Amino acid sequence: MFADSAPFSLERLVVTVAARLMAANAATAAQVSQDMLELLVDYFAVDVSFLRHNDHSIHASILIAEWPVRTDVPDPDPIGVVYFENADPVFKYAEHFKKPAVFRPDDADYQKRIEQGRNIPQTSLAAAPLVSGDVTTGVLGFVKIGDREWREDELNALEAIGSLFAQVQARVKAEEQLRYLADRDDLTGVYNRRALLAHLEKRLAAGRSGPVTALFFDLDRLKTINDYLGHTAGDRFLKVLAERLQERTKPKTVIARLGGDEFVVVPASRLTAVAAEKMGGELLDAISERVSLDGEVLARTVSVGVAQGVPGRDTTSDLLRRADLALLNAKAAGGNQVAMFTDEMSQEAEYRTDIELHLGSVIEDGALYLRYLPEVDMRTGEVLAAEALVRWDHPTRGAISPADFIPVAESINLAGELGRWVIRTACSEFASFRAAGIGIGTVLRINVSPVQLVSAGFAESVAATMREFGLEPGSICLEITESVVVQDIETTSITLNGLKAAGVQIAIDDFGTGYSVLSHLKALPVDVLKIDRSFVTDLGSNPDDLAIVRATIALAEAFGLQLVAEGVETEAAAITLLRHGCHRAQGFLLSPPISATDLAALLTKGHVSARFSAPAGE
Ligand code: C2E
Ligand code: CA
Ligand code: CA
């Protein structure tokens with residue numbers, strides 16, 4: 001390397017080595033060390049040199065760099081890791097020596113060791129210690145085949161160079177520790193989010209091999225452990241899970257905790273979709289196994305979302321978003337299962353995001369309107385009520401079902417505003433019918449979201465709207481779903497009593513989909529039950545549905561409630577309902593949802609054309 005330049009002084013040698021070593025960092029240290037060994041081999045005209053670090057925790061000397069680099073390393077490598085315990089005296093000496101030492105060919109033990117490792121006869125060795133404080137942290141060795149004398153100034157230079165290597169060693173170690181801490185999750189010791197992102201970034205770079213699999217784990221209801229046993233128990237539980245993931249995966253698998261109870265596992269190898277899903281299932285089983293904590297045996301199920309990314313095409317956030325979407329699907333399907341990402345999931349998510357994006361301005365844009373679903377007496381066709389159903393004319397997607405955008409409105413705090421718009425608009429349209437003398441006595445039914453019902457001042461605001469439009473008590477009925485009643489029974493019952501006092505009727509919508517409300521029926525001021533259309537549609541052919549409908553009819557009678565059947569689509573359903581005593585209904589057989597204008601016309605006429613009767617004699 002420097003062979004052709006004029007021989008330079010020992011001083012210049014030390015300065016040169018110092019300059020190069022000072023510029024080294026954790027990533028370059030090994031290569032720079034090797035380069036310096038090469039330089040030193042040249043300079044001192046020796047045959048072999050090596051740099052070894054002492055690992056005092058395992059009492060061993062570990063090879064870090066060497067020159068020339070051996071190409072035919074025997075297995076096991078007799079000199080890669082040398083335990084001091086069974087090392088020859090020279091190696092033993094390297095454990096704690098503080099000053100350079102020279103070993104000449106008369107040292108028999110030493111010769112034997114060198115012969116084994118390098119297959120060379122007769123050698124001499126100069127060794128300089130790496131010292132940090134009063135600890136010997138390694139050794140720098142120079143081997144000459146045959147014999148070589150070492151002058152004192154040379155040994156002094158080696159001592160200086162040894163201490164330079166010791167400095168690099170200390171710096172790299174500190175750097176690695178810092179990196180380790182910066183990359184780790186404090187609680188579990190697995191990687192943290194930052195490290196995961198950096199890893200995926202690398203794996204998904206163009207030209208790398210793929211696909212890259214990400215498995216997203218989320219515990220089902222960790223909160224109950226925290227609530228029940230405290231946070232320390234919750235933390236220990238998470239540690240156990242991290243350990244299990246580590247135990248059940250290959251060593252190079254990247255495991256990261258994203259915070260909370262979310263873990264991501266990224267296998268090092270390329271997996272087929274089938275293999276990825278299988279791996280998700282195996283890890284799910286491992287995590288679901290019981291854990292003993294403080295004598296309590298706990299088991300928590302987990303949901304897993306699996307997605308794959310193609311290097312150069314998909315980004316880290318693409319991959320994690322898909323795994324997260326799959327996870328949400330696994331949870332939505334009841335948890336304790338693995339879901340593989342599908343394109344359909346991302347279309348759904350896009351649809352939802354698009355709704356979210358446009359929903360904010362939907363009221364100002366005038367994109368909302370109402371349809372009315374007539375409710376009739378099936379025996380006479382008389383229109384008894386009309387249910388207001390909101391519609392949204394989306395700028396690019398056309399008419400969107402309320403079943404799609406009401407839940408989004410609820411999740412982004414727009415349900416209150418949207419609900420107020422529905423109530424005002426419906427009341428105003430109804431008031432205009434009344435002013436024209438039509439629809440007197442017809443009830444206006446309006447759906448309300450759970451959030452509206454528990455918001456402060458709801459009953460007062462409905463009463464004010466009724467007064468504003470001159471609608472008499474009894475002309476409005478609000479429809480609420482069963483689940484909301486049970487969620488917050490106290491607030492709900494205060495609000496419902498307030499509404500009752502203002503002359504507003506209450507209907508339980510989708511009745512039968514959750515029986516939870518039954519026990520409260522007596523205590524709450526409810527006027528109407530609407531049998532969910534899932535029990536009605538196939539009525540006449542499905543005996544289970546019939547049993548439920550009959551039970552509901554009996555219940556309504558027992559509590560003195562009106563009963564309305566939803567979703568009457570067939571004559572068989574209509575006749576079956578009539579036969580069992582339910583004559584109020586709505587559904588496509590009777591009328592589809594219609595515009596306010598069409599409703600005005602229908603109310604003027606007073607009845608739909610369809611009418612039915614139960615077969616005589618029953
Ligand atoms: P819902 O309250 O059960 O309303 C009845 C739904 O069933 C309406 O769907 C209606 O068009 C549909 N339907 C009526 N007859 C039949 C039938 O014979 N067969 C079938 N298969 N369906 C029938 P829509 O308008 O899409 O409303 C869906 C849900 O959206 C409603 O279910 C209600 O829960 C909610 N919703 C509608 N308007 C509003 C509103 O203004 N506010 C709130 N909070 N929710 C609303
Ligand atoms: Ca309804
Ligand atoms: Ca319903």
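Is Glu 566 buried or exposed in this predicted model? Glu 566 is buried, because its relative accessibility is 8% and the limit for that class is under 20%.

**Figure 1. Domain layout of the predicted protein chain.** The chain is divided into domain 1 (10-182), domain 2 (193-341) and domain 3 (368-605). The centres of domain 2 and domain 3, taken over C-alpha atoms, are 43 Å apart.

**Figure 2. Close-up of the calcium ion (ligand 3) and its protein donors.** Asp 510 belongs to strand S19 (residues 505-511), while Glu 566 sits in the loop between strand S21 (562-565) and helix H20 (571-579), so the pair ties together parts 56 residues apart in sequence. Asp 510 counts as partly exposed, at 25% relative accessibility, whereas Glu 566 is buried.

**Figure 3. Close-up of the calcium ion (ligand 2) and its protein donors.** Glu 387 (OE), Asn 447 (OD1), Glu 479 (OE) and Asp 509 (OD) lie 2.1 to 2.3 Å from the ion. Their sequence spacing reads E-x59-N-x31-E-x29-D. Asn 447 is in strand S17 (residues 443-447) and Asp 509 in strand S19, so this pair ties together parts that are 62 residues apart in sequence. Asn 447 is partly exposed, with a relative accessible area of 28%.

**Figure 4. Close-up of Asp 509 between the two calcium ions.** Asp 509 bridges the calcium ion (ligand 2) and the calcium ion (ligand 3). The two ions are 4.0 Å apart. Asp 509 is buried, with a relative accessible area of 7%.

Key. Residues are numbered from 1 along each chain as its sequence is written. Chains are lettered from A and ligands numbered from 1 in the order in which they are written. This is a predicted model: local features need pLDDT of at least 70, side-chain atom pairs count only at pLDDT 80 or more; totals for chains, interfaces and linings use all residues. Side-chain values use heavy atoms; hydrogens and water are left out. Domain bounds come from an automatic or database domain assignment. Donors are N, O and S atoms within 2.8 Å of the metal (3.2 Å for Na, K and Ca); water is not among the atoms, so sites may look incomplete. Helices (H or I, at least four residues) and strands (E, at least two) are DSSP runs, numbered from the N terminus. Buried means under 20% relative accessible area, exposed over 50%, partly exposed in between (1.4 Å probe, protein chains only).
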